[in-house]
Structure formats: structure tokens, C-alpha cells
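Try each one before you read on.

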Amino acid sequence: MTKNGRQAGAKDRGGPAPRRRLCAPVVPANIIGGALVFLFTYKLFTTSPFESITVHEAPDDPVQRRYRGAFVEVSKRSHAYLQQALWDRQPGSYTHNVSARYEPADEAAVRELAQPSFYLDLIRRDLLPWKDSGITHELVERSSMMFDDCDGDMLRFQVLNGSLWVHHITERLEGGWYPAPIGPGNAAAKGRVPYAVLALMETLRMFPGQIPDVDAILHFADFPCIPRPRAGAPPAPILGLQGSAHHSDIPFSDYTYWGHEHQYLQDPWGKPAHGWGNQAEVLARKYENVSLLDRIPQASWRGRTKDNRYPERDHLRRVFVGCVDKLKEAGRGEDAALLNVLSPPLALQDSCDYRYSVYIESQAYASNLKQKMVCGSVLVAPRMEYWDFYTRAMRPGVEYVEMVNVTRDMNAAFGSLGREALASSGQLTPTLARELKEMRRDPLLAALLARSGAGGSTGSKSRKSGGGKGGKSGEDVQPPARGPDGNYSWGSGAMPWEIAATGQQFIQRHVRMQDVLSYIRDLLRAYSAMQRHAIRPSANLEGAARCYTGDMLLQEFGTPHQVDRDIVAAAYPWLKGYDNGCREAEAVYKPR
Ligand SMILES: *[C@@H]1O[C@H](CO)[C@@H](O)[C@H](O)[C@H]1NC(C)=O
Ligand SMILES: *[C@@H]1O[C@H](CO)[C@@H](O)[C@H](O)[C@H]1NC(C)=O
Ligand SMILES: *[C@@H]1O[C@H](CO)[C@@H](O)[C@H](O)[C@H]1NC(C)=O
Ligand SMILES: *[C@@H]1O[C@H](CO)[C@@H](O)[C@H](O)[C@H]1NC(C)=O
Ligand SMILES: *[C@@H]1O[C@H](CO)[C@@H](O)[C@H](O)[C@H]1NC(C)=O
């Protein structure tokens with residue numbers, strides 16, 4: 001049932017390798033960004049979800065101990081200063097009862113959740129391959145056998161009269177993927193899998209009576225896996241973490257909306273902010289008074305540049321990182337200084353210390369796009385051929401810019417028109433203050449700050465930035481010129497700070513948890529409408545679907561580490577004792 005290792009296959013994932021001129025003419029134009037801070041995605045397969053974070057101090061705290069081994073070290077108190085601004089929150093606000101943020105507490109929220117998904121057109125487009133054939137039992141069966149091609153955990157689920165049945169988790173063993181039942185004892189499926197079950201369960205809970213019966217396959221690999229057919233027979237219908245220009249995988253939401261794995265963001269009390277709603281709030285509030293004018297005027301990127309398991313995948317990233325040296329070798333130190341890659345260490349939660357955040361995909365989407373945008377810097381994403389459910393609704397020149405090589409021009413806009421349009425608030429984050437101080441020691445970087453209006457060089461009082469003796473205030477910078485089409489070099493007539501704000505608003509209006517939930521609801525509804533078979537709980541030689549209750553899910557989170565279960569139980573207290581209609585459903589439905 002399995003083939004041997006997939007390493008060799010990694011390079012042909014994601015369609016044709018991009019062949020574009022990089023490092024031209026100022027800075028790489030076509031590199032795209034992926035992960036920022038959390039690079040070790042491959043660890044997801046083998047480690048407990050909460051294992052990849054280091055928090056200092058509190059070595060006796062079992063929860064804190066679990067975060068050892070982090071890639072980026074974050075001081076436990078790095079957001080303590082936000083307690084004042086988040087006066088209406090308290091310890092536990094970002095770790096307990098996460099669903100309370102989007103449970104309809106008032107009529108407005110109820111009306112909002114009743115709206116069709118903002119992404120309905122995309123949902124319909126993604127399901128077009130099955131418009132004529134429908135989704136048949138045979139097609140779903142075919143999808144269920146694709147786990148080796150997809151190279152990741154996979155599950156089959158049914159929605160039956162509102163209850164959720166889960167079956168056919170595959171597990172990585174020596175040499176490939178094998179069917180394995182979900183449940184205690186199967187630790188392979190940590191992280192992505194139970195969070196997907198949580199996403200489904202939560203959607204059913206939020207929209208009772210609104211999700212018709214469904215029989216679908218969901219896979220969790222890093223890569224999309226069903227090549228887009230040229231014509232003819234419909235592809236195997238499969239839900240995954242992402243879609244792509246070259247694949248027909250249907251994007252589902254990923255685990256990062258529900259938990260905090262690999263997206264470690266600290267709340268003001270030093271705990272990981274659990275769930276995207278909480279993370280979005282911390283990030284937006286953290287930077288609300290940090291003027292773009294004061295942020296470091298460089299394009300920053302952090303991430304994995306080599307994945308031992310899939311050595312080909314980070315090619316674009318390596319080229320991008322290599323550009324810095326190439327520019328320096330070519331005597332273009334000023335251009336090289338516009339890029340800030342790999343070091344110093346930068347946590348995702350600090351990424352908006354930089355004015356521009358680069359997003360580089362790696363033959364796969366990266367889940368931290370939303371975090372990079374919500375804190376309000378300019379997103380630079382030259383190519384997005386892999387997408388999360390919302391990505392395609394964003395427009396270059398409106399919500400983000402496509403080219404890294406326009407950083408210089410955008411800085412000129414900040415250094416001229418920006419000085420008028422934006423005030424320096426003088427409020428810096430602690431890491432930003434430190435970094436700016438460091439930069440002023442280097443003449444090249446100090447000049448960059450002055451030219452781009454950054455780092456308190458506007459002459460305003462800079463409370464925490466060390467006296468503002470950095471930039472020569474008032475340096476005469478020419479605003480960038482518009483092209484014949486009226487656009488600036490960054491592909492838009494809008495100023496970079498306007499693009500940053502539009503991007504942030506897009507996330508805040510269309511990528512809230514409400515939007516994730518209504519997306520899943522409408523996706524399941526549209527998928528269900530295409531089904532041509534009567535839905536039953538599935539069964540095969542390896543096992544059968546089981547109706548999933550909240551307690552079963554908690555047990556799954558708790559394998560093998562009880563502390564993981566405790567964290568999730570606090571975040572989603574409704575799970576405990578939640579029957580999800582199983583008692584009735586089990587009397588009616590039998591797996592076959
Ligand atoms: C940036 O790179 C793109 C693609 O290579 C090129 O078309 C564009 O002219 C460059 N822009 C600037 C300002 O150099
Ligand atoms: C931003 O400024 C407002 C108004 O002065 C203030 O109420 C708020 O607490 C500030 N936010 C942060 C994060 O400092
Ligand atoms: C969680 O929040 C909801 C409000 O949305 C409330 O009804 C419920 O009692 C809370 N649960 C706990 C355990 O605090
Ligand atoms: C579906 O669920 C509803 C409410 O739980 C129940 O009244 C009904 O009998 C169920 N229908 C079937 C076919 O099980
Ligand atoms: C100018 O920018 C807008 C986005 O603001 C974009 O839609 C349009 O295509 C651009 N024009 C050209 C010729 O690139």
C-alpha cells in the first residue's frame with residue numbers, strides 16, 4: 001500500500017520551476033515569501049503541537065516547559081508592556097474560551113454569520129471540475145487511496161444529520177504512509193489532524209441544521225497533490241490545506257486558525273495566544289500606534305531555506321537570500337541594505353517592526369501570511385501560486401505589492417510625501433527601538449534611515465528611540481515618479497502606507513474567524529450539493545468511521561502529552577462533554 005520515501009518526488013511538486021531573472025535590477029523581483037519565523041514545519045509530523053516554542057523563565061511550569069526547542073527565542077515578558085493598552089483583557093483572555101470571540105453574542109453577529117461567505121465565487125470555481133460528473137462514491141473512494149501520492153496524514157469524514165464521523169487516518173511509518181485509526185496511541189497525527197476535526201466540529205456546532213450530509217477526504221501534507229487535469233475525467237476530489245494554480249486540491253482552513261502551533265505569538269502575560277482571533281488582536285493592537293514611518297525601512301524575511309525532507313522546495317528562498325551577497329559583490333551595498341534576511345533573529349510577532357514583510361512561497365503556501373499583514377506593514381509577495389482560502393481575493397497594488405525591487409522607491413515615497421502624510425508617533429516596540437539604535441551605528445544604514453524618513457528622523461519626539469539623533473532630519477528626498485499609466489513602480493497609484501492599510505483591513509474584514517467558519521460552511525454545502533451518493537459512515541479493512549464527540553477529540557489532543565489536551569480544553573471548554581449528536585446518530589447509522 002505504500003511506496004518508498006518521497007524525497008525524490010519533491011522537486012516535481014508545484015509545476016514548472018519559475019525561471020525568472022532574480023536579483024534584477026535592484027533586488028530580486030520574483031521571490032516570494034513563505035514562512036517567517038517558523039521554519040520547521042516538517043516537525044509537525046513528529047512532534048507534539050506545542051513543542052516548537054521556547055519561552056524563557058518558569059522552568060517549573062509544565063506548560064512553559066513544553067515550549068522548549070523554539071527556533072526563535074522570545075522573552076517571556078516581551079509583550080508585558082501591552083498590558084496597559086489591553087487593559088480590558090486579563091490573564092487567560094487569550095488562552096481560554098477562544099470560541100467566545102466569535103460565538104454570536106448579539107444580533108449583529110448573528111446576522112453577520114448568516115451572510116453567505118465572501119468567498120462563495122471561489123468555492124464555486126474550485127468545485128467546477130465536478131460540475132458535470134458530480135462527486136460520486138467512486139471518486140471519493142479513489143481520493144481515499146491517494147495518501148501515498150499526497151504524502152501526508154489523511155482522513156475521511158462524514159457529516160450525517162449534523163454529526164461528525166471520522167475515519168482513515170494515515171500514519172507515517174518507515175517507508176511511507178499507512179492507514180491508521182485515529183485515537184489514543186496514534187501520535188503521528190498530532191497537530192494538523194485534531195485541529196481539522198475541531199474545525200469541522202465547531203462549524204457543525206455554529207451552524208446547526210445548515211450542513212447537509214457530506215462524505216469527503218481531507219489531507220494534511222505540506223503540498224497540494226492532485227494535478228489539475230488537462231481535460232476529460234474529473235480529478236479525485238480532495239480537501240487540503242491549500243489550493244494551487246497547478247492542482248485541483250480544494251482549500252480547507254488550516255490548523256493555525258484554531259491553535260497556535262508554529263505561529264507562536266505571545267499574549268501580554270507570556271502565554272501563547274491561542275487561535276487566530278486572539279493573535280490578530282494582539283498583533284493589531286501591538287502596532288496600532290507604531291507609525292509606518294518609524295518602522296525599519298527594509299524588506300524583511302525570515303524562514304527555512306533548506307528542508308531536508310524536501311530539498312528542492314526552498315529554491316526560491318535560497319535565491320532570494322543569495323541576492324544580498326550578489327548585490328554586495330556587485331558593489332551595490334545600498335541596494336543590499338534594503339533587504340533584511342535571516343538575521344538578526346526575528347519572531348513572527350515582531351515582524352511588523354519592519355516596514356516591508358516579504359512572503360516567499362516554497363512550492364506551498366505559508367500559513368503566516370495573515371499574521372504578516374494584520375500588523376500593518378506593507379506585504380511584498382511577488383508570486384502567490386499556492387493559496388489559502390482567502391489569498392486569491394487579494395489584489396496586487398491594492399492589498400500588497402508584487403515586487404521586492406521597489407523597496408527603494410517606496411522608501412523615497414516615505415521620505416518625501418510620507419513625512420507629510422504620516423506623523424511619527426514616537427511609539428516603538430522594544431525590539432524596534434533596539435534595532436534602530438543598532439542601525440544608527442552603521443553609516444550606510446543610518447543614511448538609509450534618514451533618506452526614508454525612518455527611525456525618528458522626522459525630528460519628532462522619539463520617546464523610546466534613544467534621543468532621535470539618528471537620521472539627518474530634513475534630508476531632501478525626491479518623491480518617486482509615476483509612470484505613463486499613472487502608477488508608481490510598485491504597480492499602483494496608491495502610496496505604500498495606503499496599501500499596507502488596505503491589506504490590514506482586508507484581513508480584519510475578511511479573514512476573521514467568522515469568515516473561516518462561514519467559508520467552511522459554504523464549502524461543505526457546495527460540496528454536498530454535488531454529491532451523487534447516499535452518505536453512510538465509511539468502513540474498510542483497516543477500520544470504520546466513528547462518530548466523534550468532544551471528549552474523543554480531547555483524548556486525541558492528549559496523546560501522548562496530557563498537557564496538550566489541557567491547553568485545548570481550556571481554549572475550547574465546550575468540547576468537554578460535547579456529544580455532537582452522536583448518541584442519536586449511532587443508533588441510526590452503521591459503518592459499512
Ligand atoms: C523590478 O523587477 C521587475 C521584474 O523583473 C521589472 O519589470 C521592474 O522594472 C523592476 N522595477 C524596478 C523599479 O527596478
Ligand atoms: C494607542 O494610542 C491610544 C490613544 O493614545 C491608546 O489609548 C492606546 O492604548 C495605544 N495603544 C497601544 C498599544 O499603546
Ligand atoms: C465561554 O464563552 C461563552 C460565551 O460565548 C459562555 O457562554 C461560556 O459560559 C464560556 N465558557 C466558559 C467555560 O467560560
Ligand atoms: C436528525 O437529527 C434530528 C435532531 O437531532 C432528529 O430529530 C432526527 O430524527 C434525525 N434524523 C435522522 C434521520 O436521524
Ligand atoms: C495600476 O495600478 C492598479 C492598482 O492600483 C492596477 O489595477 C493597474 O493594473 C495598474 N496599471 C498598470 C498598467 O499596471
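**Exercise 1.** Find the residues of the shell around ligand 2 and sort them into nonpolar, polar and charged.

*Solution.* Start with who is there: Ala85, Arg285, Glu288, Asn289 and Gln427 surround ligand 2, where a residue is near a molecule if one of its heavy atoms lies within 4 Å of it. Next, sort them: the shell divides into one nonpolar, two polar and two charged residues. The classes work like this: Ala, Val, Leu, Ile, Met, Phe, Trp, Tyr, Cys and Pro are nonpolar, Asp, Glu, Lys and Arg are charged, and the others, Gly among them, are polar.

Before going further, a word on the ground rules: this is a predicted model, with pLDDT of at least 70 needed for local features and 80 or more for side-chain atom pairs, while totals for chains, interfaces and linings use all residues. Residues are numbered from 1 along each chain as its sequence is written, chains are lettered from A and ligands numbered from 1 in the order in which they are written, and side-chain values use heavy atoms, with hydrogens and water left out.

**Exercise 2.** Which atoms of ligand 2 pair up with the side chains of Glu288, Asn289 and Gln427?

*Solution.* Take the residues in turn.
- Glu288 has a polar side-chain atom 2.7 Å from a nitrogen atom of ligand 2.
- Asn289 puts a polar side-chain atom 2.4 Å from an oxygen atom of ligand 2.
- Gln427 has a side-chain N or O atom 3.0 Å from an oxygen atom of ligand 2.

Finally, the area: ligand 2 taken alone exposes 360 Å², and the protein buries 49% of that (accessible areas by the Shrake-Rupley method with a 1.4 Å probe; for residues, only the protein chains shown count as cover).

**Exercise 3.** Which residues are around ligand 4?

*Solution.* Look for Asn161, Glu584 and Val588. The side chain of Asn161 has an N or O atom 2.3 Å from an oxygen atom of ligand 4; for Glu584, the distance to a ligand oxygen is 3.5 Å. Alone, ligand 4 exposes 360 Å², of which the protein buries 36%.

**Exercise 4.** Describe the second largest pocket: what is its volume, and which element gives the largest share of its lining?

*Solution.* First, the terms. On a 1 Å grid over the protein atoms alone, a cavity is a set of points where a 1.4 Å probe fits but cannot get out, and a pocket is an open set with protein on both sides within 12 Å along at least five of seven lines; lining residues have an atom within 4 Å of a point. Points are joined across faces, edges and corners, and a volume is the space filled by probe spheres set on them.

The volume comes to about 320 Å³. Of the 16 lining residues, Gln298, Lys328, Ala337, Leu339 and Leu445 are the closest to the centre. Elements giving two or more residues include helix H8 (315-329) and helix H13 (443-451), while the largest share, three residues, comes from E12 (helices, H or I of at least four residues, and strands, E of at least two, are DSSP runs numbered from the N terminus). By class, the lining has nine nonpolar, four polar and three charged residues.

**Exercise 5.** Is Glu399 buried or exposed?

*Solution.* Locate Glu399 in the loop between strand E15 (386-387) and helix H11 (407-421). Its relative accessibility is 3%, so Glu399 counts as buried (buried is under 20% relative accessible area, exposed over 50%, partly exposed in between, with a 1.4 Å probe and protein chains only). Its side chain also makes a polar contact of 2.7 Å with that of Arg395 (a pair of N or O atoms within 3.5 Å; within protein, one must be able to donate a hydrogen and the other to accept it, and residues adjacent in sequence count only if both atoms are side-chain atoms).
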